[in-house]
Amino acid sequence: MDLLIKADNTRASLQPDVEDKTYSLEKLKELVGGYVEAVKIPGTKYLLLVNEDGRLKGLHINPAASSLADQVIVGDAVVCSPDRLN
C-alpha cells in the first residue's frame with residue numbers, strides 16, 4: 001500500500017488508478033502539487049516523491065517525510081516502491 005504524507009502531518013492511503021498498478025506522471029504531479037522529484041528512503045527500496053520546486057515555492061516542511069528521508073522535505077510527499085512508477 002502506498003501513502004500520501006501531507007505537510008500538515010495528515011496521511012492517506014493511495015491506490016494506483018490504472019490497470020497496470022502504476023501511477024501516471026499526471027497523477028503524481030497532482031498529488032505533490034507540481035513537478036516530481038524522487039528521493040530514496042535510506043535503507044529501503046521505497047521512494048518519496050516530492051515537489052521538485054517545493055523550496056522555491058516556500059512550501060512548509062513535512063516533518064514525517066523529512067524523518068523518513070533523513071533530510072528536509074517540504075510539501076506533500078508520496079511513499080511508494082519504484083515499481084509503481086509508470
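This is a short tour of the structure above, stop by stop.

Before you start, know that the model is predicted: local features need pLDDT of at least 70, side-chain atom pairs count only at pLDDT 80 or more, and totals for chains, interfaces and linings use all residues. Residues are numbered from 1 along each chain as its sequence is written, and side-chain values use heavy atoms, with hydrogens and water left out.

**Stop 1: the whole chain**

Show the chain as a cartoon and you will find two helices and five strands, where helices (H or I, at least four residues) and strands (E, at least two) are DSSP runs numbered from the N terminus. Follow the chain along its sequence and the pattern reads β-β-α-β-β-α-β. Along its principal axes the C-alpha trace spans about 35 × 25 × 20 Å. Of the 86 residues, 40% count as buried; buried means under 20% relative accessible area, exposed over 50%, and partly exposed in between (1.4 Å probe, protein chains only).

**Stop 2: the largest nonpolar core**

Now select Ile5, Val39, Ile41, Leu48, Val50, Ala64, Ala65, Ala69, Ile73, Ala77 and Val79, the 11 residues of the largest nonpolar core. Such a core is a set of buried Ala, Val, Leu, Ile, Met, Phe, Trp, Tyr and Cys residues joined through side-chain atoms within 4.5 Å. Color strand S4 (47-51), helix H2 (63-69) and strand S5 (77-80): each supplies at least two residues of this core. H2 gives the largest share, three residues. Apart from this core lies another, of 10 residues, including Leu14, Leu28, Leu47 and Val78. In soluble globular proteins, nonpolar side chains tend to be buried together.

Center on Ile41 next. Leaving aside neighbours within four places in sequence, Ile41 is in contact (heavy atoms within 4.5 Å) with Tyr46, Leu47, Leu48, Leu68 and Val79.

**Stop 3: Asn51**

Pick Asn51, in strand S4. Is Asn51 buried or exposed? Asn51 is buried, with a relative accessible area of 3%. Show the side chain of Asn51: one of its polar atoms lies 3.2 Å from the backbone oxygen of Val32, and the side chain also reaches the backbone nitrogen of Asp53 at 2.8 Å. Not counting residues up to four places away in sequence, Asn51 touches Val32, Gly33, Gly34, Tyr35, Lys57, Leu59 and Asp76.

**Stop 4: Asp76 and Lys6**

Asp76 takes us to the charged pairs. A salt bridge is a side-chain nitrogen of Lys or Arg within 4 Å of a carboxyl oxygen of Asp or Glu, and by this rule the count comes to four. The side chains of Asp76 and Lys6 meet in one of them, at 3.3 Å from N to O. This pair links distant parts of the chain, 70 residues apart: Asp76 is in the loop between H2 and S5, Lys6 in the loop between strand S1 (2-5) and strand S2 (11-14). Asp76 counts as buried at 18% relative accessibility, while Lys6 is partly exposed at 32%.

**Stop 5: helix H1**

Move to helix H1 (residues 25-32), where Glu26 and Lys29 are three residues apart and so separated by about one helical turn. They form a salt bridge, with the closest N and O atoms 3.9 Å apart. Lys27 and Glu30 also lie in H1, three residues apart, and form a salt bridge at 3.7 Å between the closest N and O atoms.

**Stop 6: His60**

Finish at His60, in the loop between S4 and H2. His60 counts as exposed at 63% relative accessibility. Leaving aside neighbours within four places in sequence, His60 is in contact with Ala7, Ile73, Val74 and Gly75.

Terms used. Polar contact = N/O pair within 3.5 Å; in protein donor to acceptor, adjacent residues only side chain to side chain.
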